[in-house]
Every structure is written in structure tokens, then in C-alpha cells.
Amino acid sequence: MRDASAWLGRLPMDLRAAGFPEQIMPVAEFCRVELGLYFLTRHFPGEPVGVLQPVLSGYVRGSQDTDASVRRVRHRMGDVARRGYWRKLLNQYMRLPDTVRGFDRTDDLARRVNDDTVFTAKPSSVCSGREDTYTAALADPLAYRTADQHLPAEAGKRYEFTAAGATEYVRFPGQLPAAAPLPPMSPVSARRRERWTVSFAKDLAPVAEWIDEQLAGRPDITNRNWKRRLDDLRFSVADPATGQLQDSPEELTIDGVEHIVGLMNSGKTTLADLITIDGVKNRSNRVCLVVGSVGDVYAKVSFLRMLGIDAVPLIGRSSRGEHAARYWRTLVEEAAVLIPDGNHPADPAAAYANTSCLLEPYRQTLRPDWAPLRPEDFPCRGRLREAGAERARACDCPLLTVCPAQRALREVATAQVWVTTPQCLVASKADPASAQMRWLEQAQHDMDLMIIDEADAVQRVLDARFVQEEELVATEKGWSHRMTGHTNTGLAGPAWRRRLTQKCSSGMSICKSTSRPSSR
């Protein structure tokens, strides 16, 4: 999550010290309005204020040099850039004293500001150096918000937390295992993308042979015959110069976004796995694999860890217990033996499918509806508060460094491969991290390559989450049906009945007062 307010710095305080009239408009909104006007006058001089919203939304584009500035202004202005609110604040802005304003309109001052109004810069005697703040707001990237860091709970004390809407209590023993805090992942200031050139014969073929060698003593694994699968793969690339397909190229170049399309069972996943293993094993790179389901996450982690590759699953808290239960049911049903032995090693992914909380033996809540804590209710970070304290500070669980349910998060900072789902990628918070960001953002700072398998299914997930759509006509769930129901419910309420009664009574009084007696 980006910090959209830090750019203001001391400017609001300096304006208040200079006597800024906040009864007309908030000082922070004043700064954001002037940031929008500064952007327009600098990059779109002479254009009306109605241009701002189409530019910030991407419908109107200037030169490529303004793309970064557009993103920064959009974030830093926030709701102020909304069309109606933008015009409303501009009218408030024009009510400020002329000495305060750094911009003035070029049309009739007696008229309200509209989309056709043009502003120009002018000198201001109040905080005259604020132009430097606006210049920096256009040039400097937005920093991430700092993630809250909490100390672990202390041994021997009683703490409380909320789980499933109820207050739970836990008392820690007098001694707790001493462990160093987990090093948080940190964002980098800048990265330079490197071009990948993958040779089918020199890079992927040796990797496929190496995998087959690793699987020679594991007849229980069905994901095999990698060299034959690579030989059967028919790969073609599009020639950017001619637009024609080039069959069986010697190399594949990855520079930016590359799309690989093909029919089912044509070898797309095989190629993705070979590129992943080659990047980790031979290039010392880190790769993020995005798959369609949590079951696929566990299966991929199991296979990669069996090959000796440090892969960890990233799974969100929501429904984690159900996913883990489904994994164990599948493992029990398909395993050759229930108890691993020398001939049947344990599944490497099993260590990451633990949904037990180590605080269960220390809970002091006795209720008829007592039940084990759900993963989404685990008081892992920042949810424990000392019971009975007047100003209790938030604390982390002191057992994070030994908790089996936290194993993936303990290893994620150094793992070679992250395996996750699109839901977790865009919705779950990266942890442990020094900045507030989702896993998709964190991957930009830590991963060298991201491979999205079954991209069409992943795209449907992203569309369902981000694309704004509304079904207009449909029984019960359509927009028109729901609006009719809301309108009827509102009209049937007591408030509307009182208003209608008052209007009817008022109408009858008017009719009585204006009627004249008949002359007959």
C-alpha cells in the first residue's frame, strides 16, 4: 500500500501558521487541488480543468514522459481528482483570498468553475516555496507505507484477542523458547530487468535429463519422462519483422511480458517448469509460479522440493483450513502407505499444510461452543493485548519462530521459488515485511521471473475482482430488479409515508385556501 499523504510534508502546517482559512476548504484538499492545477499548467498548458480526469484515468494520453507523473498525481490527489468533487473544490478554491491562491482562472470570475475553465499560475505571498513540493510530487515515486512492527508477548502474562467475534484469553508459560525475530522483506529502490535467453539444447535439455535422473529411484512419482516430453515439444516463435512463425527455434528470449499459447497437453506447463528449474538451478534466479488452485500449489511445491529446490507455498488465510483438509484427504486416499518409510518418503508439501495453533493448550476460554481456532483467527501478528491493562499495546505471538503453521512465512524471504494462486497474489498481505504491500507488489522486489500457468483461468479471477461490471436484467440479482426492490422498500417505509401525508395535507390546505365560493 502506497503512502499518498507523505508528499505533503510540512506544507499543511506552514499554511496553517500563515493563517490559511480552513473554514473555506481543508488545507490538505487545497494542496491536492493545487497539485492538480500545477500538473495541468506544466504538462497541458492552456487546457481546461475538465481534461484532468480523462488524463488521470488513462483515456487521454500525453507524451510517454508524462506516464510516471500521471500515476503519481492520480495516487496523491486521490478522491480530489473525481470529476464532481474536483469542480466543487475548485469553486471553494476561488473563494480563498487572492494572496493565498497560486493559480487563477482566465474567464469570468463571477461564474462557477466548469469543465471549460482554464487556470494559469500566478505568484503567491503565502508559502511561496510550495511549488518545490509540487515539483517533487510529480517527480518522486510514492513510497510504501511502513508496516507495523510489534514486540512479542511476554512469558507468564495473560493476553486477550478477538476470534470469531468473541474475546479469547491466553496465558503464556513462565518460559518461552528464545528465538531471533524474523528478518522482514524490504522493498528495493530500483531494479533493472535482465533479458533471459533460454537455449533448448544447451539449457533445457540438460535440465530435463537431470530431472529424470532425480526421479530414477522414485517410481511413486508419475510426473516423469521429462527428456522425452521436451523432445516431443513443438515450439514456434513469431518473427517480429515478418509476422511469420518460426518453427523449432534454438532459443527462447524472455524480455518483459511473453505469451505462450497452445492446445491442452501441448507442453506449456512442461516448458514453464523447465524454465523455472533452469533459472533457479543454473542462473541463481528466483521465480514466482502462479497456478490455478491451492491443490496445484501443494502439488508443485511437493515436486520442486523433491528435486531439492527450495520452494514454498503462499496461501491466503481465507479457507486455509478447508484447503489443508482437502490436501490431507487426497494424500491419504492416493498414498501407497499411510505411514512414510524408507521406500515411501513423506510428501515434502505436508510440512506446509499444518493449520494448528500452538496457543491452543494455553487458552483459558471455557464456553459450551468452544472450538479450535480457525486459521483466520490465529493471533499471529499484532492481535494480542495484555488483559486488564489500561493502555495495552499490540503484541505478536512469541511462538512465531517455531510455529509449524508459520513455516512458509519463515522461509519465504530466502526461498528460490514462490508458488501461489492469483487470489493470494492480489489479496493477501506480504508478511513478514517492512512495508505494507500485497504479494504481487512484493514479488516485484524479490522475484526475477513470474510465470503464470493457465493464464486464461487466472485472468478470469483477476477480471472478477477488478473489472467493474453490472448485470442489468436478471431475476433477483439484476440491477433493475434490485433497484426496483430498494425503491419499493424505501417508499413503503414510515419516513416516506410521513412525507407523502404531509404533502397531501399541504396540497389540500392550498386547495381549500384558494377556492372561492360559488356566486350562484
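This is a chat about a few spots in a predicted model.

User: New to this one. Which strands make up the open sheet, and in what order?
Analyst: Since the model is predicted, take this as a description of that model. The open sheet has four strands, ordered β4-β3-β11-β12, and the pairing is antiparallel.

User: Which ones are the edge strands?
Analyst: β4 (166-171) and β12 (394-395), as each of them pairs on one side only.

User: And what holds strands of a sheet together in general?
Analyst: Strands in a sheet pair through backbone hydrogen bonds, in either a parallel or an antiparallel way.

User: OK, back to β3. How many bridges join it to β4?
Analyst: Six, with β3 and β4 running antiparallel. One of the pairs to look for is Y159, whose bridge partner in β4 is V170.

User: What sits between those two strands?
Analyst: Two residues, as β3 and β4 form a hairpin. A164 is in the turn and has a positive phi of about 55°.

User: What about the β11 side, how many bridges there?
Analyst: Two bridges, again in the antiparallel sense, between β3 (residues 158-163) and β11. E160 has R385 as its bridge partner in β11.

User: Which side chains of β3 are buried?
Analyst: Y159, F161 and A163, which point to one face.

User: Changing topic. How many salt bridges are there?
Analyst: The count comes to 30.

User: Give me one in a helix. What does R228 pair with?
Analyst: With D232: the two side chains meet in a salt bridge at 3.5 Å, N to O. R228 and D232 are about one helical turn from each other because they lie four residues apart in helix α8 (residues 226-232).

User: Are those two buried or exposed?
Analyst: R228 is partly exposed, with a relative accessible area of 49%. D232 is at 55%, so it counts as exposed, the cut-off for that being over 50%.

User: Which residues are joined into one network?
Analyst: D98, R101, D104 and K122, through salt bridges that share partners.

User: Now N91. Where is it found?
Analyst: N91 is in helix α5, which covers residues 83-94. Its relative accessible area is 12%, so N91 is buried.

User: What does the side chain of N91 reach?
Analyst: The backbone nitrogen of V113, at 2.8 Å. If you leave aside neighbours within four places in sequence, N91 is in contact with R112 and V113.

User: Last thing, the surface. Which residues form a nonpolar patch?
Analyst: V332, L338 and I339 do, and together they have about 350 Å² of accessible area.

User: Where's I339, and is it buried or exposed?
Analyst: I339 is in the loop between α11 (320-334) and β11 (384-386). With 67% relative accessibility, I339 counts as exposed.

How values were computed. Residues are numbered from 1 along each chain as its sequence is written. This is a predicted model: local features need pLDDT of at least 70, side-chain atom pairs count only at pLDDT 80 or more; totals for chains, interfaces and linings use all residues. Side-chain values use heavy atoms; hydrogens and water are left out. Buried means under 20% relative accessible area, exposed over 50%, partly exposed in between (1.4 Å probe, protein chains only). A polar contact is a pair of N or O atoms within 3.5 Å; within protein, one must be able to donate a hydrogen and the other to accept it, and residues adjacent in sequence count only if both atoms are side-chain atoms. Contact means heavy atoms within 4.5 Å. Patches are made of residues with over 30% relative accessible area and no salt bridge: like charges are joined within 9 Å, nonpolar side chains (Val, Leu, Ile, Met, Phe, Trp, Tyr) within 5 Å. Accessible areas come from the Shrake-Rupley method with a 1.4 Å probe; for residues, only the protein chains shown count as cover. A salt bridge is a side-chain nitrogen of Lys or Arg within 4 Å of a carboxyl oxygen of Asp or Glu. Two strands pair if DSSP finds at least two bridges between them.
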